[in-house]
Amino acid sequence: MKKILDRIMEYLTATLMAVMVIVASWQVFTRFVLDDPSTISEEMLRYSLIWLTMVGSALAYSKKKHVAIVFVTRKFSGKMYYVVNIAVEIIVILFSVFILLFGGINALQNAVGQVSSAMQMPMEYLYLSLSVGGILFILYAIFHIIDHVKSMRNEMGAETGN
Amino acid sequence: GGNSEDTNDASGEGESSGDEANTEESVSFRLAHNQPENHPIHLSLEEFTNLATEKSDGNIEIQIHPNGQLGAEREVIESVKAGTLEMAKVSAGALEAFEESYKIFSLPYLFESEEHYYDVMDNSETVKEIYNSTEDDGFIAIGWYTSGQRSIYTVDQKVETPDDMKGLKIRVQESPTSIAMIEAMGGSPTPMAFGDVYTSLQSGILDGAENNENALTQNNHGEVAKAYSYTEHQFVPDILIINSNTWNGLSDELKQALIDAAEESKESHKDRWAESIEEAKAAAEEMGVEFFEVDKQAFIDAAAPLHDEFVSESDTNAKYFEDIKSFAQ
Amino acid sequence: MALQAGLILLIVFALLLILSVPISISIVISSLVTILIYLPYDISIFTAAQKLVTGLDSFSLLAVPFFILSGMLMNNGGIAERLINFAKVLVGRVPGSLAHTNILASTMFGSLSGSSVASAAAMGQVMLPVMEKEGYDPKFSAAVNIASSPTGLIIPPTGALILYSLVSGGTSIAALFIAGYIPGILWALACSLVAYIVAKRRSYPVSERLTFKMAMKTIVEAIPSLLMIVIVIGGIIVGVFTATEASAIAVVYSLVLSLIYKTVKLRDLPKILMESVELTTVIMLLVAGSAVMSWIMSFTGIPQAISNLIVGITDSPILILLIINVILLIIGCFMDITPAILIFTPIFLPIVTSFGMDPIHFGIMLVMNLSVGNITPPVGSSLFAGVSVAKLDLEDVIKPMIPFYVAIIVTLLLVTYVPELSLFLPRLLGY
Ligand code: NA
Ligand code: NA
């Protein structure tokens, strides 16, 4: 389940990244070679980066790539280790629910009726990235908790079985 | 009781002081804008806040956050809508994304002269209607400040007619109106972040940009762009906005205090602005910038189709447009 | 208000960090908690969410993913090896030649990839075994490799300076890039000086003289890689593209080069793209989170309060710069360069500009200072990369690192107090 989600997100974000390189090169080409500057590419690139960040950072969270200061918690062992790790996941879920999801919905509602400057795109589509990122973060945090609980059981089970 | 006329400590909120002179609830606002502290608009906004305090007998306190500290224009409008901030000073151009009617101010050659522009902004029903058009969206406008006229400036070529604009890459703000305007005037519109304009003029990515004379000095564009041609294609006002709920929660006296303060500071801003433009022009000439008069009629003719298009879009547009034109002599 | 807000922000942030919550998320949560004191719940979460989006809404930020991607393409390509061979031709006859080769190659590689971690890993992988074979102490070799790796953070193109440009309110990226050359090269020279003294004392060998033909062949092989510097920086100066667009051109160029060298195949591309998405979004979430934090700081007046505090201690620019440097060096020990730039630029920049320091000069000083943090314990990404590629323990390299720390900090002070080192080149080119 997590693997399938990872896979889909990987291909989506990698494609978006490749498209961004092409659009940026296109922008230089239209101005420098065609002498007819593209008028929407800049906005398209900025908004792509925002979507890439919201979705991609959830993916990076799935792979535990976000920078954290671990030299304190690294010292914990046994049950304490898992308690702290699960607590961190819960904090991440709170962040995702209240800021990305609820805050994102607020920002989306506030943007109703507003359009982007160049593409005249409804701004809701931009703020939607927050809620989508939030849901992904929540899913991944739940997957992590399940993993932690499983390995905690295994470890504790192994100890009592000894 | 007249014993507390000289209250130095305005911060005695928590304490119970039943015999205060003021029966009014006092309020404290934040006002955001994106210019530096030495810009004429900042000085005029300071005047506005001082006047508001004075006219409300100290019941209104407004703290200014300059320099885009609390966000770019689009962000602060969103914040005023949501209620994070009570007030902001933004360009009419930035309000276009929130309310279509503001587009009218971006129409090139809408105003025929500075007198026409001031007259419309101060006295027309259209402007009052536009001010209130966003009430249900969460904010209204209570005043305006001039930010002068916008003209074309280039690295070295003067622009006297639309033909001179052929092939020139002119930086524009990222909006369909601005893009259509530069196209109509004969140039190649190039949307670009404002911060990149200086180096792009310098390295030749851009041939020019369009703005008021202050950009030559405040943003140092005069170091790299030496020809300022008075196309005077736009007068885009700055608009003072306030959150709807904040506004509706105020007593009539406080509302009047704010409106009067805005009106008075707006008037002295006109002189302050004229002075700053004189200074900017002198400083730009020191930098080696030359100023050129242009064949304005040719540009006005070139922009005419944009007016027709705007008028044909809706009845409201047509009504506003006609009203504004009726002020021209 | 500022003091209370600052205290709450700091305490919640520190608690979350100690718990090992990701830094970006800690930044946002501690900011939200602080906002909640001043604004109602629904406005607070709206503001946090809004700033996460608008904090990323800047065209110049696009240079970050693009330079990361081009760096990835180069790491996978045969570019590192060609640069090392080229460096050997240039400094092979100086005492401690392999150490200097490492430093010079690291500087060139860093100037292309802009990543000190990549530089420590790529150079270490190739150079450390060779150095050991020729009798260099592995601990010293690792120290040389680590100490010289951050030069790429200062010499352009570099994401650190792009971020600084953004948070400093639009300081010209092109000017910052050009300003980074001399301080970056000084950093490399400082490392070389230490290496020279150690090598002399321990009589490390010099490399064999290369035949002229071999030397020419090595140089010719390195030209396409070095050409990228010319294309990227030249294109910006001549006006083909902006500094931001140059980053996309760098991707295209390094892709073409790697395909020609056959070190990257088309079917490797998805994986390279995915890896760069990960790295990019980790940095971007930090950028977004910092926008939330710097908003609440402005809202409550924290930068002004800190500024008053420092200016209250002394009004001598020399002492203020010293205080700022010491604070930043301490912060750099614990915090990564990206969040540190984002958080501390808005606090310190107004102080130094108030006594007339050029924002370009301050940017170089700031980035250089925080780059030191990359190679200091307890948190230092290049230090970790350099130690693991050398297969040593952290404790092993600290002692041989000390002379390098001293030399680099002396260089930092030079760059701090001699503005011309940063400003000469940009002024020369008219910025
Ligand atoms: Na670099
Ligand atoms: Na460190």
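Visitor: Which residue of chain C forms a salt bridge with Lys65(A)?
Guide: In this predicted model, Lys65(A) is paired in a salt bridge with Glu278(C), and their closest N and O atoms are 3.9 Å apart.

Visitor: How many salt bridges are there between chain A and chain C?
Guide: The count is 4 salt bridges between chain A and chain C, and across that interface 7 residue pairs are found in polar contact, both residues of each pair being at pLDDT 80 or more.

Visitor: Which helices of chain A supply residues to the side that touches chain C?
Guide: At least two residues each come from helix H1 (2-32), helix H2 (41-62), helix H3 (78-110) and helix H4 (124-161) of chain A.

Visitor: And how much area do chain A and chain C bury between them?
Guide: About 4900 Å² is buried between the two chains, with 80% of it on carbon and sulfur atoms; on the side of chain A, the residues that lose the most area to chain C are Met17(A), Ile69(A) and Ile99(A), which together make up 13% of what that side buries.

Visitor: What is Phe362(C) in contact with, leaving aside neighbours within four places in sequence?
Guide: Its contacts include Tyr164(C), Ile324(C), Phe348(C) and Met357(C).

Definitions and conventions. Residues are numbered from 1 along each chain as its sequence is written. Chains are lettered from A and ligands numbered from 1 in the order in which they are written. This is a predicted model: local features need pLDDT of at least 70, side-chain atom pairs count only at pLDDT 80 or more; totals for chains, interfaces and linings use all residues. Side-chain values use heavy atoms; hydrogens and water are left out. Contact means heavy atoms within 4.5 Å. Buried area is the accessible area (1.4 Å probe) that two parts lose on being put together, summed over both. A salt bridge is a side-chain nitrogen of Lys or Arg within 4 Å of a carboxyl oxygen of Asp or Glu. A polar contact is a pair of N or O atoms within 3.5 Å; within protein, one must be able to donate a hydrogen and the other to accept it, and residues adjacent in sequence count only if both atoms are side-chain atoms. Helices (H or I, at least four residues) and strands (E, at least two) are DSSP runs, numbered from the N terminus.
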